[in-house]
Each structure stands twice: as C-alpha cells, then as structure tokens.
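Good morning, everyone, and thank you for making time for this. I would like to walk you through one structure, and I ask you to keep it in view while I talk.

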Protein chains: 2
Amino acid sequence: MDRRIESLQRRCAADHRVISLGGGLPAPVLFPRRALAAAAARVLRRADDAALQYGWPEGGAELRGYIAAGLRARGVSDVSAEDVVITSGAQQAVAIAVEVLATPGARAWVEPESYPGALDILRARGVALVAGPDAPRARLAYAMPALSNPRGRVAGASARAALLTRARRDETYLVEDEAYADLCFAGPPGAPLLACARERVLLVGTFSKVLCPGLRVGWLVAPRALREEILEAKRIRDLQANGLAQWVLQDFLAHRPLARRLAHARRFYAARAAVLCDALRRELPEWRFDPPEGGFSVWLEGPEPGDDAALLEAAVAHGVGFDPGRLFVFDGAPRTLSMRVSYSLEPAERLEAGVSRLARAWRVFRRSARAA
Amino acid sequence: MDRRIESLQRRCAADHRVISLGGGLPAPVLFPRRALAAAAARVLRRADDAALQYGWPEGGAELRGYIAAGLRARGVSDVSAEDVVITSGAQQAVAIAVEVLATPGARAWVEPESYPGALDILRARGVALVAGPDAPRARLAYAMPALSNPRGRVAGASARAALLTRARRDETYLVEDEAYADLCFAGPPGAPLLACARERVLLVGTFSKVLCPGLRVGWLVAPRALREEILEAKRIRDLQANGLAQWVLQDFLAHRPLARRLAHARRFYAARAAVLCDALRRELPEWRFDPPEGGFSVWLEGPEPGDDAALLEAAVAHGVGFDPGRLFVFDGAPRTLSMRVSYSLEPAERLEAGVSRLARAWRVFRRSARAA
C-alpha cells in the first residue's frame, strides 16, 4: 500500500478524536460477545481436541457442512461439505484462488472500482488488470455481484449475465466474492453465480462482516477439478485455518440461528447508511454517489480531479478519515477525485459530525488547490 | 504432498485403532484448556474490541512485546516489539520469509533432512534446493539449529559457526526456525543465531508445539530493512493473524508464566522419548537412530533402500502409522529406507505397542520385498 496513505490511516485508527469513515469495519456493538464466550467455554470444556490440535487443510467438517447447506438453500444444487475449504478470512480465499488460477503475466478482469485487497493480490501475482465490457479475454475475473465494494450495489440481471457470458465464452474463471452478500438491505441474497456455472466459479465468503473479523474465518468453494491444488496451496500457506475460531463459530451457529441476527444487522446498517447519505447530500452537494443497497460504504466522486491523498491529509487535520479513491480503482488512477466513505463503524452523531468535518476539509483543500 | 502417502495418513488419523507415530502432534493432555477458557472469558468480557475487530498486519502490540522480551532474555540485544510480526503459525512465517527473500530460480541451502512444510514452500516457490557443506552459494538457508526436525538434535558449535559463516561470507539470509526451541530436554534454549547476525537472520517461532497448534499463532523477526516488504506480504496473504487467539494467548501469558509449563513439558516428552527409544532398540535393532535431544520425534534409518510408502502401507495394515522418510529429504530420494517416528502424541503403552506393530510390519515388508 501507499506508505503515505497507510501512515495517515494508522494515525486515524490510533486517535479516537478522529472520526473514522474509512476502513470498512463492522460495528463492534453487533459483536456477539456473550454468545461467543459461551461457545468458547463449551468448546474448551469438551473432551474432543479438534479445536486445539492440528487439523487438515480443508478445515472442520461441521463448519464446511454449514456453509454448503447455506449455498444449497440459495440454489446451488451441486455442493457439499467436501467442496468447501475454510480459509484464514476472505482475503486468503481470494489469494489462493488467484495463485491457483493465474501465473504472472496472465490477465484478470475486474470491475472499474473494486476491493483493494483483491487488487493488491492480483498485482502482487504479476497479473495485468483489465476492466470494462470490451476488455480482452482474461484468465480470471474478480467481481462482487451480490454486493459490490466500494459502491455497495447489487449487480442487475444484465451485469450478472455479462459475467456468466464472459466465464463461458472466454473460459474465464470467475472469483465471486460474497463478503457482503448477507448485508443487502433488501434481505437475504438470491442464488450466487456459482449456481449457474459450477465449473467456472470460485465463490468466496466470510464471517468477518456479519460476525467478527478477528475470528479470521472465511471460505472458498471451487470447481472440483481445482480442489487438490487449492488444498495444497492452503497447506503450504498456513497448514489450516485456526481451529479455536472454527470450533467456536461452529458451536455458536449450532446454538443460534444466524437469520435473526442478519435481519437485525441489515436494519442497523441501513439506518446508518441513511444518516450518512442525508449528511452527504446536505454538506457535500458537489459530490456524486449512488445510495448503497447494502454493505458498509458509499463511493463518492468529486467535481474535479485532484490528489486524494492530499485531501485525506487535510481531512485528518480536520479530525476525520476516509479511504482515498485510488486504492479502489483498477489502474490506480481515478479520473476524478474520489473516496470510499463508510457508515458501518461510527454511530449516527459521529457520522454527521464526520461529514461536517469532511466538508470543511474539502473547502479548505479546494481553495488551496485553486490557489496553487 | 504425495497423494498415496496423504491418503494413508488420513486413514491413520481417522481410525483410533491405528497407533499414530506420525504427524508430530503435541500431546493433548498438555493443552491448557481451563486456563485458555478463563482467558477467553476475560478477553470476551472486556470492553476493548481489539480481539474481534480488524487489526494491523503486524498483530497485537502486547503479544509482540512478550516475544521480543523473550528474545532479549536470550541475548538478542537489538530487538523490540516493532521487530516482531505475528503470523498464522510458523508455517506462514516461513512462507513469508521465502516469498520476500527468494524469486523463482534462486537457490536455497537446507539441511539434508528437514521440515517438510519448509521444503514444500521452497519447492512451490520454484527454488532450487542444495545441501551439504560444499553446496554452492545460496540466496537463503533454512535451518533449525535450536532443535532440528526430524532428527531432534541441537546444532553443535561447529554447525552453528558454519551457518553464520555461510550467512556472512555468502550474504545468505538464514531462516532460523525455532519451532521446537523450548522443548530441548536439557532446558531452556540459549541465544539464537539471530543474536549474532541481526541483519542476516529471519527468526521463526510458534506457540503450536508448547501450547496448542489450533491457535495458529507464530512469529517472524526479521532484519529491519525487510520489515515493510514482510508486512505487505502478510497483509496481502490474510490481512492479519486471528485476533481471538492472539488476545487469548496474551491474556493467558499475562496470568501464567510459561516457564513452569515448559519445564513440565520437557520432562513429559523426554520420558516418552525414552520409552520409544527403548522399544526401538529392542524391536528394530537393524534400524539406526540418534536419541533425540528434544522435540517430538526420532529419525530412523533402515538397513537397505526401499519404498517407504509401501512400508507405510504395510504398517497401517498392522495398525501403526509413521512419516515416510522421503518427505524430509531435500531431494525427495532417501539413500536408505527411512522414517520419522514421533513419541509426542501417544502414551507410553501405545508407543510400545506401536513399535511392536511396526516391527512386525517391517518383517513382513522385508520378506515380501526380498521375495519380489
């Protein structure tokens, strides 16, 4: 990552006076602390050693079964626990998918704005990024059709059809990242693209957004032809995902169905999104955005080009942080000043205060940019 | 990994009637379940969200401080929490070190027999493995001087000097894997080589052998010049090590000094090693081994060449498992039939019964090999 941006982000995180509209962090008030503590106590009391001993690279069978059942309920007919690999978060699932699918020099199709962690993986692998409907044939595509990051939008029928066409016509593997799928404000997600192209899609999911990121438990569901290679990549990377979190999660999920918790989380984040969007319309009328349909954030585009890192520096000086647009843009060069602003972490009054500070920082930044 | 061997290993693990002398797993009876449960309860009760929220790639500051203090107490003067990166187990620490140090085609020096996980990482990176005192200049060396795996031996002064000479004269980076350092039967380990060559050594450690593997918490201490690159590699791989295990460990260590637990573990494993070695001398007199000075296992060399996977198959049919020698040999081709036999997991009576079964399997295998 850009060291100047990282150092600003670290300053934001370390100083509670700075209102954090960056990072895409879930709200700690939703962390199920008591239920996790009860699950941990049960897991550690049990005679079974699985949570603490070495395990196989694919992860715990019950947790894999839970994930497979969730996908079957969403219309993926041909999936079982055997098809799921538990990973150290969604980040590792994407990293393994990219390692197995692409060699350096290969091409990857991405959305014009995308999750920075995935872009970093692809770049580190030496893959050439392409975007747009007329991009040349690529070895793999990375997309978030269920809910995109940073835009927070659900892919429509034509965008989904285009992804499937690309996968079938060009024999492109699609890495379908569902990190935010359970947090669409309208309700539970429909069928993933995996249901339509079982042999072309590698589906990525995680408990980080709906439960806690600190557990670092994600998953990868891939075509069977790739399973051996994926398990080998997982084994070489870190042997297995951490057992304690896997077994705590499995116990937690057995005792508490997630559905009600997810319904509450959707309402909770939708309310914060509404507060942020109102404040943005009021305070930053020159900045354009589509209201999010779920997830944690809004993608903002400013009225002119500019240095988003310098704007972040001005914002931090005014006591507010955000994620600069360049981190999300596939070629690292946004056409206009842009940013991701997250409503997930901070309560309503801090969101409003944060946007006011951002608006002040923007006016100062704009004056000095024009003077320069 | 060889699929035939893996399938045999999975059969051993799934069937409790099979006595497991393979795997190098710690004894579950030493897992500090109650103390971990108490730590988990405290961590999850605390108002602080660090254990459950996203964190920075280097990991928790207190745990890093604990590891740095341990190294300073062992004579590494120039090390602080800032120099430690918490990894998802020692396996990931080695993987990151190799990724940062070597590009495909580079050369890596290894001991003639070594930890399979490290050999697999190096091979996957496209690195050429060399061994022996006259090996050509290499970009990096991987060794376990504190206690080797599979041999369970402490490197003597001349072997340590040779590693340092190689590092300085050839400008070779040394990956010093200390996974078993705290389990030398003679007592706490002395200074690591890191103390003598701060800018040439990347030290790897883990809580997996002395506490529980399922926590997946290890560490990497590297020269400062490499820190940025290492953090970036960690971030791209999985963002951060799991927070729950990090904070549980940190709390556990703050409440219970490890020293007494380690002293007990050393006596415990030394007693099991003695039982195994006695049984081996009695039942397999044609097989040579050096008694281990610590760790979990013994390296056995048979009287003639042969197919160690076929011997494993015969052994499993007799109700005992081990790790075939080819997994540990740098070129994958042991000069003689060999195996790693672990005494760490099974209690004394099962160790003795396991060696009896192994001896019977060996006699059957030898007869049929000679008849063929």
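This is a predicted model: local features need pLDDT of at least 70, side-chain atom pairs count only at pLDDT 80 or more; totals for chains, interfaces and linings use all residues.

**Helix packing and the chain interface**

Residues are numbered from 1 along each chain as its sequence is written, chains are lettered from A and ligands numbered from 1 in the order in which they are written, and side-chain values use heavy atoms, with hydrogens and water left out.

Helix α3 of chain A covers residues 61-73 and helix α8 of chain A covers residues 243-255, and the two pack at an angle of about 55 degrees with their axes 9 Å apart. Here helices are DSSP runs of H or I with at least four residues, strands are runs of E with at least two, and both are numbered from the N terminus; axes are lines fitted to C-alpha atoms, for helices over the stretch in contact, with angles from 0 to 180 degrees between N-to-C directions. On the α3(A) side the contact (heavy atoms within 4.5 Å) is made by E62(A), L63(A) and Y66(A), and on the α8(A) side by Q246(A), L249(A), Q250(A) and L253(A).

A second pair in chain A is helix α9 (residues 258-283) and helix α11 (residues 348-371), whose axes come within 9 Å and cross at roughly 25 degrees. That angle makes α9(A) roughly parallel to α11(A). Among the residues that meet there are L276(A) and L280(A) from α9(A), and L351(A) and V355(A) from α11(A).

What, then, lies between chain A and chain B? There, 55 residues of chain A are in contact with 55 residues of chain B. The two chains bury about 4700 Å² between them, 57% of it on carbon and sulfur atoms, where buried area is the accessible area (1.4 Å probe) that two parts lose on being put together, summed over both. R33(A), L52(A) and Y54(A) supply 16% of the area that chain A buries against chain B, more than any other three residues. Across this interface the rule finds 8 salt bridges, each a side-chain nitrogen of Lys or Arg within 4 Å of a carboxyl oxygen of Asp or Glu. D120(B) forms a salt bridge with R235(A), with the closest N and O atoms 3.1 Å apart.

How values were computed
Angles under 35 degrees count as roughly parallel, over 145 as roughly antiparallel, 65 to 115 as roughly perpendicular and the rest as oblique.
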